Amino acid sequence: MTSSTPHSASLDSLDSLDSLDLTGRTALVTGAAGGIGRACALRLAAAGAKVRAVDRDAAGLEELADAARGAAGGVEPQVLDLTDLDAAEQAAAGTDVLVNNAGLQLVRPLQEFPPDVFHTVLTVMLEAPFRLIRGALPHMYGQGWGRIVNISSVHGLRASPYKSAYVAAKHGLEGLSKTAALEGAAHGVTSNCVNPGYVRTPLVERQIADQARAHGIPEERVLSEVLLQDSAMKRLLEPEEVAEAVAYLCTPQASFVTGTSLVLDGGWTAH
Ligand SMILES: NC(=O)c1ccc[n+]([C@@H]2O[C@H](COP(=O)([O-])OP(=O)(O)OC[C@H]3O[C@@H](n4cnc5c(N)ncnc54)[C@H](O)[C@@H]3O)[C@@H](O)[C@H]2O)c1
């Protein structure tokens, strides 16, 4: 590209992803005590962000804060149950980067699915993200920059049996994310989903027994016959790989990426 083309100046000056620098930025990561949220908190702290790590699991947050010692930014643990929606909205005030990650799963046929669990899943995985975005936007709009990253799933794009609440919440999150992208564009705020296939985390380890029961097969066959059945790549994704996708969406290189879903699924949705 020659220097006379309209976009050459900005494109020529872009550095590699390694250079992600969030010094002076605040990032809030929900569900940061374990799995994907923990990896995201560590990745953003390593990039210099001051990370507010939110979870209801106090011990997990303490362990995260220990692990983050020495990171360029830092991790500030905040014990919070996201079903307290007013507290969730308040917690998001003043953040530059918001990672909506907290989640839970129950695998049960629809006719047996407990309504109170359905309600909790929708509250934590859809209504809390709405309230966190609502709490974060005034500061983001005020400064003309913000990054919203919603950890969705292949289940934001595809359904699986026995996961009614989870699939409903993730499909809803996709819509919320796109709406935030449309409204935020004029204010320098991007909103995107990251959509992993199965990731090696406690959430997946916990559902192996449930899946075995629901499908009537032994636990040792769940990984290959249920979880990875539709994945072209027959391995679990690592939490750190998801954190890299989140980091990418915070880079200058991704400033035109908004309202989309970044799928990391080993080919699952290529079917
Ligand atoms: N593990 C996977 O295979 C996978 C795949 C696709 C998407 N995801 C999504 O990634 C996100 C993280 O999942 P994970 O696998 O790391 O799960 P995880 O169970 O390891 O971590 C989830 C975290 O959310 C926290 N949490 C749950 N309910 C909460 C509440 N009411 N208030 C505050 N914190 C709460 C938990 O304490 C936990 O630390 C979820 O949104 C999940 O749907 C996971």
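## The second largest pocket

The second largest pocket holds about 220 Å³ of space. Its lining counts 14 residues, and those closest to its centre are Ser160, Pro161, Val226, Asp230 and Trp268. This is a predicted model.

Two helices each supply at least two residues of this lining: H7 and H8 (222-227). By class, the lining of the second largest pocket has six nonpolar, five polar and three charged residues.

## The largest pocket

The largest pocket has a volume of about 810 Å³. It is lined by 40 residues. Closest to its centre are Ala102, Gly103, Leu104, Leu203 and Arg206.

Several elements each give at least two residues to the lining of the largest pocket: H2, strand S2 (50-55), helix H5 (115-143), H6 and H7. H7 gives the most, with five residues. The lining of the largest pocket divides into 18 nonpolar, 15 polar and seven charged residues.

## Where the ligand sits

The ligand takes up the space of the largest pocket. Helix H2 (35-46), helix H6 (164-184) and helix H7 (202-215) are the elements that give two or more residues to the shell around the ligand. H7 gives the most to this shell, with four residues. H7 also gives the most to the lining of the largest pocket.

In total, 28 residues surround the ligand. The closest are Asp55, Asn101, Tyr166, Val199 and Thr201. By class, the shell has 14 nonpolar, nine polar and five charged residues.

## Polar contacts and burial

Which residue places a polar backbone atom 2.6 Å from an oxygen atom of the ligand? That residue is Asn101, which is also listed among the closest residues to the ligand. Ile36 uses its backbone too: an N or O atom there lies 2.8 Å from a ligand oxygen atom. Lys170 uses its side chain, with a polar atom 2.9 Å from an oxygen atom of the ligand.

How much of the ligand does the protein bury? Taken alone, the ligand exposes 820 Å². The protein buries 95% of that area.

Conventions. Residues numbered from 1 in each chain as written. Predicted model: local features only at pLDDT ≥ 70, side-chain atom pairs only at ≥ 80, totals over all residues. Heavy atoms only, no water. Near = heavy atom within 4 Å. Polar contact = N/O pair within 3.5 Å; in protein donor to acceptor, adjacent residues only side chain to side chain. Areas by Shrake-Rupley, 256 points an atom, 1.4 Å probe, with all protein chains shown as cover. 1 Å grid on protein atoms, 1.4 Å probe; cavity = no way out; pocket = protein on both sides within 12 Å on 5 of 7 lines; lining within 4 Å. Sits in = over half its atoms within 2 Å of the grid points. Nonpolar A, V, L, I, M, F, W, Y, C, P; charged D, E, K, R; others polar. Points joined across faces, edges and corners; volume = space filled by probe spheres on them.
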